[in-house]
Each structure stands twice: as C-alpha cells, then as structure tokens.
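Here is a short briefing on a hairpin, a helix pair and a sheet. Keep the structure open as you read.

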Amino acid sequence: MTGVPTTVDLENNTNQKKYTVNRPKGKSLVISRALCTLMAIGALLLAVLVGLVVFFLVPRGCSADSNNAVGSLVRKENVKLATSPEDEIDERLPRSIKPVQYMIQLKPDFHNSTTDGLEMITLVPSEDTDTIIFHVNKIHIREDSVTVKPTEKSEESLSISSQEHLEGERYEIVLDDQLKKGKSYVLTLQFQGELNSLLQARNFHPQTQDVHFRALMIHLQDLQICLHYQTCLLREAKCSKTPEMSTYLVAFIISELTQLQSTDDLIKIWARREFLTQTDYAGKVAPSILRYFENYFRADFPLKKIDIVAIPEFGFSAMENWGLLTFRESSLLFDNFSSTVEDKRTVATVLSHELAHQWFGNLVTPKWWNDLWLKEGFATYLQYLGVAHAEPSWNILDEFLPSEIERAMSLDALESSRPISFDVCNSMQIKQAFDEISYAKGACIIRMMNNFLGEETFKNGLIKYLQKFKYSNANRNDLFTSLTEEARLRNVLGAGESVKQIMDTWTEQAGFPVINVAPDYSRNTLKLVQKRFFLTQSDSKDKFLWWLPISFTSSVSPNFISTTPKFWMRGEEEIVEEVGPIGEWYLLNLNHTGYYIVNYDEHNWKQLIDHLMDFTPITWAQLISNAMDLARANQLDYEIPLKLIARMGIQDSAIMFVPTAVAFGKLQFLSDILHDTPVFGIFEVICANDIKKHLDGRILPNLRSVIYCTAIREGSDIEWDFAYKKYLETSSPTEKNVLLDALGCTKLKWLLSSWKGSETVSKPTSAQRPERLIVQSN
C-alpha cells in the first residue's frame with residue numbers, strides 16, 4: 001500500500017525524518033510540509049486521518065521494542081479459570097450411585113427466612129459402595145434424622161458410621177455395610193435451609209447437582225405456604241411427578257403475583273398486578289416461538305404447562321427452569337407507551353433463548369459443564385430462528401454478525417482466550433464458563449455447521465440427537481455422531497470425513513484463523529494460507545490449524561445467497577485452489593458463515609471498495625469488520641477500512657442498520673485511542689462529515705430519533721450546530737420535534753445554556769403546541 005505509513009513504517013522511522021509532527025516552542029501545532037502535501041493530495045482528510053491514526057497507535061520511544069508497540073495501548077482482558085487453592089477443589093460427585101427420585105416436603109418460615117424440609121431420595125448403586133455423597137450449601141442437616149433403608153419394607157435400616165460436610169459444598173454419609181449394585185434404597189433426612197429471592201438448587205434441598213444425574217422430582221409435596229405475614233394462613237400445595245430431569249432445573253415460587261392467560265392454553269404469564277398489562281407482548285410472542293420450535297424439532301413440549309414469571313429484583317436476565325421460566329422484569333415487560341423498539345427486541349430474544357433451552361438443556365442436558373456450549377450456544381443460535389419466525393419484519397438474522405460474531409471474536413482474538421470445550425471441576429469454574437465463548441462462539445460454530453451441512457441435513461441431525469438422548473445426557477461427540485449419520489445419508493461429507501473430525505479443531509482449540517489470500521489472475525487460482533488471528537502481536541508458539549469451509553463468489557457470476565463450501569482447507573496451513581475466472585473482484589466466506597476472517601490482496605481490496613454498493617448490507621458489514629480488525633492487528637493499512645466506511649457513508653442513503661452499527665462499533669476503538677491526541681479534532685471533523693451525510697440522507701422515521709440522539713450525544717458542538725440548523729430549516733412539525741428531542745441528548749451542557757438564551761427560537765402562539773427541549777441524562 002502506498003501513500004500511507006503503516007505501523008511498521010513508523011516503528012522503523014528511527015531518523016524521525018519521514019513521518020514527523022513537530023510543535024515548536026511557544027507556537028501552535030505545525031505539520032511538516034511533506035505531510036501538508038499529502039493532505040492536499042489524495043483523499044484529503046481521510047488520508048490525513050489514516051496516517052495520524054497509525055502514528056498515534058504507536059507510543060513514541062517504543063521503536064526499540066516493536067513487539068509491544070501496538071499491544072501496549074490495547075485494553076487487555078483476562079480470561080482465566082480459578083487458580084487459588086480453594087477454587088481447585090473437585091466438586092464432582094462419584095458415579096457409584098444414581099438418584100432416581102426425590103420426594104420433598106418444605107415448610108417456609110418467612111419471619112426467619114428459613115425453610116424446614118423433609119426429603120426422601122431413592123438411590124440405585126451402579127457398584128457396591130458404603131459411601132453416599134451429595135451437594136448442600138448453607139443447609140443444616142439433622143444427623144439424627146438421617147436413615148438409609150432398602151426399598152423392600154421388610155428390611156431394616158442400614159447402620160451409619162459417620163456423616164460430615166466436605167469441602168466443595170458436599171455432604172458425606174459413610175455406612176457400616178455396603179450398598180449393593182442394582183438394589184434400590186431410600187435416603188431420608190430432615191434439614192433447614194435459607195429462604196431468599198436468589199436460591200440456587202443446592203441451597204434449598206440436598207441433592208446430586210451434577211448435570212450428569214437426572215431423576216424424577218415429586219417436588220414440593222405438602223408445601224406449607226404462608227399467604228399473609230400477619231395471620232399466616234396455611235395452605236397445602238401439592239405438585240405432581242416431573243419427567244426425569246436435572247436438579248438444577250427445579251424451581252418454585254412463593255408470591256402474590258397475578259397471572260395473565262396467553263394466546264395459548266399451555267402458557268401463563270405472571271407479574272405484579274400493576275404491571276400485568278405490560279405482559280401482553282410476551283403473551284403474544286411466546287406461544288408463536290414455542291410452536292415454531294415444536295415444529296422445527298418435531299417434538300412437542302413435554303410438560304403440561306409453562307409459567308413465565310416476571311420477578312422483581314431477579315439476579316439474572318432469565319432462567320430456563322423446566323416449565324417455570326423466570327425473568328427479570330425488564331427482560332419480560334413491555335409498555336406500549338414508554339418502552340423502546342430495543343426493549344421489544346430484548347423481550348423477544350430472551351424469551352426465545354429460554355424457550356430453546358426447553359429442548360437444548362432441559363430435554364437433553366450436557367453430560368458435564370465442559371460442554372456448556374451444547375445448551376448455551378444452541379439457545380443463542382436458536383433464539384434468532386425463533387424471533388425471525390415470530391417477527392419476520394425485523395430481519396433479525398442479519399443482526400447475528402454484530403451481536404454474536406463481533407462479541408465472540410473480540411474475546412477470542414486475545415491470547416488469553418480458551419477453547420470452547422475445557423475441563424471444569426467446581427462451581428467457581430462453572431460460573432466462569434458462562435461467557436462469550438460458550439454463548440456467542442458456541443452459536444457461531446453451530447451456525448457454521450448449519451451452513452456447511454445444509455439446513456435439512458443439520459435439522460434432521462438435530463432431531464435424531466434429541467430423539468436419541470431425550471430425558472438423558474449427551475456430550476459433543478454424541479451430537480457430532482448424529483450429524484455425521486445424517487450427512488452420510490445425504491452425501492454431504494467426503495469419504496471418511498466426519499463432523500467430529502471437522503469440529504474438534506473448533507471445540508478443542510482457542511481462537512480462530514485469518515486466511516491470507518494471494519490470487520494468480522492468469523491461472524485463475526487462489527493461494528490460501530491460514531494462521532491464528534491475534535489483535536495484538538503474540539509470542540504464542542502454538543500452531544493451531546482448522547478445518548475451514550470456504551464459500552466463494554466473484555464478479556463473473558455473483559451469488560451472495562449460496563453459502564455451501566466451494567472447497568475446504570482440511571487442517572492444512574496452505575492450499576492452492578482453482579476457482580475459474582476471477583473477474584474484477586472476488587469474495588470468500590459469504591455472509592460470514594465461517595468463523596474466520598479474510599485478508600485479500602491489495603488489488604482486490606481496492607476493487608471491493610469500488611464495488612461496495614453492489615454487495616448486500618451484510619457483506620458491507622463483514623468487509624468493514626474484517627478490515628478494521630486486520631488494521632488494528634497491523635496486518636492491513638487503515639486506509640482500506642476507512643475508505644470502506646467512507647464509501648458506505650456517502651452512498652448508503654437508507655442508513656442500513658447492521659453495517660452502520662458495525663462501523664460505529666469499530667470506530668469507537670479509534671476514538672478511544674485518539675481521544676487524548678492532537679488529531680482527535682480531525683477525527684471528529686471527519687466523523688461529523690459522515691453524520692452530516694447521514695442526516696442529509698433518507699432515514700426511516702422509526703430510526704430518526706435513535707440516530708439523531710446518538711450522533712449528538714457522541715459528537716461535539718459541530719453535530720449539535722448542524723442539527724440545530726436543520727431544526728430551524730425544516731417545516732415539518734414532526735421533524736422539528738424529533739430534532740428538538742435529539743438536541744437535548746448532548747453531553748455539552750453549555751450548548752443547552754446558550755440555546756436557552758437564544759433569540760432565534762420563536763415563541764409559540766396560543767394555538768401552537770409549546771416547543772420543548774428534553775434534556776437526556778448521560
């Protein structure tokens with residue numbers, strides 16, 4: 001790339017002659033003549049920004065340590081599992097005993113915030129053993145109440161040698177005699193536990209909380225509910241037997257919430273009485289999503305009811321308890337008068353995510369938390385399908401790139417990232433696994449499988465998997481086997497190839513690759529080289545290689561719909577592939593369905609910039625995202641991504657949401673880096689010019705308030721003055737109101753003060769609605 005210095009150029013600029021910015025003593029900032037010439041030629045402000053962006057990304061005086069020149073300015077995030085001695089405790093339970101049924105009686109004491117309980121657990125040993133271990137947390141067990149007895153009534157209770165609490169929230173009972181393999185026993189005990197709004201499963205009754213163990217729950221039998229604190233009226237509530245399920249999915253609620261029947265007899269929505277009308281949207285969308293999933297998986301929801309509950313002060317966004325979905329109020333309630341479009345999106349996506357869990361997580365549960373992505377990754381991926389069905393006008397599938405791919409790659413591009421499947425042994429490490437890798441990257445590689453297998457192969461493979469392992473546990477190899485069987489029936493994979501062979505490179509290795517492409521236009525071939533991508537320079541000696549499905553299109557016969565792989569990189573570092581006539585431009589990894597990024601040759605990047613508006617908005621977003629990340633990693637000049645953004649800003653009169661959101665997100669990094677440098681003013685001017693073009697363009701009415709407010713809140717007095725001028729010029733009362741509201745979004749309070757004293761705003765007549773300026777809290 002010519003005309004613009006790269007980070008490497010600046011690092012090697014040891015004589016300080018080629019690229020300099022000098023400030024003579026006592027004078028204002030002076031830019032060298034050579035740089036002024038550069039400013040006058042080429043892309044004017046854009047070229048200046050490119051050069052100065054790169055300049056200020058490298059700290060002065062760091063040229064002797066070029067390996068850390070860029071990385072020292074990047075905010076580092078640590079993704080480490082617990083390493084303290086107490087966090088290395090293995091909380092996993094032995095597999096020598098399987099619980100098959102729980103019967104629980106609870107009596108809550110609201111005044112003392114405790115619960116007295118009686119529990120009977122039916123156990124079947126898989127081998128002879130004299131030890132019973134289960135999970136408890138902040139539960140007092142009455143030792144004199146503990147008995148272990150064979151289920152045959154004629155047999156006596158077994159003698160207990162000892163009982164004690166173990167580290168890792170476990171309780172151990174040692175017997176004088178052996179429990180016999182295959183024989184059934186009943187463990188009976190009385191206990192007292194805490195009662196609060198955020199109980200975890202092992203806090204409210206003793207249990208085997210490993211996801212590996214599933215059992216029938218005859219839970220909450222003879223539950224005594226205190227309906228009124230003053231009179232403490234007691235009422236008995238009995239619950240029927242559940243399907244075989246993991247104990248972490250058990251939940252109960254004691255409340256005075258009010259119910260609303262949804263549009264489906266199966267589903268009821270619960271909330272505080274004063275907010276019940278705000279559950280209308282959830283009551284409408286939940287049945288639509290549920291029935292979609294039933295049809296997609298060819299499996300009816302297995303329970304007789306679903307209660308969806310908005311809980312005040314709930315500690316999580318939502319939880320997928322089987323048949324009792326619990327939500328934070330802000331994640332479920334929607335007010336037609338005050339809630340935003342984004343609020344409605346949140347309600348729909350969170351509902352869809354939790355309903356997807358009823359199959360992935362509840363019906364089939366991962367064997368252990370090392371495969372957490374089997375439930376969280378699938379729920380994240382499937383939430384988009386559910387919402388796309390319920391709200392087709394939203395085109396929410398297009399948002400997968402900024403919402404999930406960007407979220408996953410921002411963490412996975414760090415050297416500290418972890419494999420998606422990894423070993424965990426205690427609750428602390430399990431909590432750490434609930435991150436972007438399990439959720440977002442899990443969803444990304446599932447989406448990739450869908451695209452290289454094809455929708456029908458993928459869906460039928462999932463149906464086989466769910467049918468085979470329903471009401472039980474499975475691991476990733478079980479999933480891969482089901483998908484491989486279906487793929488071989490449809491001749492999707494090559495001879496001897498399997499989904500496991502492909503996907504092990506994605507689940508057992510951290511990170512993702514960048515493919516560097518070198519075309520031979522005379523021979524119509526592409527040379528592809530893969531290597532792990534890092535946002536900062538890395539000393540890692542790991543040489544990870546992946547199986548990569550490569551989709552391809554070009555100007556000769558452009559096709560942005562088919563994402564079927566045209567060829568593969570089968571764990572090879574380098575391949576050369578004949579692709580036919582390349583034409584003016586070519587593209588790989590269509591719609592970003594592969595979890596990797598692509599770095600093209602200089603000629604193709606320039607052609608992609610020139611033809612950008614011929615592509616789909618998703619492709620705009622993909623190219624901007626890839627190019628900005630490559631530039632940040634010092635693998636591409638900033639000229640490329642900034643020209644892509646400029647081209648879109650000039651020609652995208654409709655302001656397409658996804659590529660605009662991606663561009664703003666990527667520019668935020670530059671804004672943070674440049675904020676305290678002399679070139680930040682130039683950066684703001686260029687951003688202001690783009691915003692002016694957007695304000696001059698046609699913006700959909702529903703987007704105006706958000707775009708205007710965001711531009712003015714994040715901008716300077718330049719954006720505010722421009723919008724104020726527009727306010728004075730427009731004759732549309734609606735547009736005036738939107739602009740007036742947006743003017744109040746500024747963080748610069750002095751602007752509001754100057755406006756307040758301005759003589760240019762005419763006073764409304766008695767027949768006019770008084771103009772108002774709503775000042776947003778920032």
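How many residues lie between β3 and β4 in their hairpin? Four residues separate the two strands. This is a predicted model, where local features need pLDDT of at least 70 and side-chain atom pairs count only at pLDDT 80 or more, while totals for chains, interfaces and linings use all residues. Residues are numbered from 1 along each chain as its sequence is written, and side-chain values use heavy atoms, leaving out hydrogens and water.

**The hairpin**
- Helices (H or I, at least four residues) and strands (E, at least two) are DSSP runs, numbered from the N terminus.
- β3 (residues 97-109) and β4 (residues 114-125) pair in the antiparallel sense over 12 bridges; pairing needs at least two DSSP bridges.
- Asp 109 stands opposite Thr 114 in β4.
- In the turn, Ser 113 has a positive phi of about 55°.

**The helix pair**
- The axes of α16 (residues 617-632) and α18 (residues 657-674) come within 8 Å and cross at roughly 15°. Axes are lines fitted to C-alpha atoms, for helices over the stretch in contact, with angles from 0 to 180 degrees between N-to-C directions.
- The two helices, α16 and α18, are therefore roughly parallel (angles under 35 degrees).

**The sheet**
- Four strands form an open sheet with mixed pairing, in the order β27-β23-β22-β29.
- β27 (574-578) and β29 (597-599) are the edge strands, and each pairs on one side only.
- β22 (residues 513-520) and β23 (residues 525-532) pair in the antiparallel sense over eight bridges.
- Val 517 has Leu 528 in β23 as its bridge partner.

Notes: Parallel < 35°, antiparallel > 145°, perpendicular 65-115°, else oblique.
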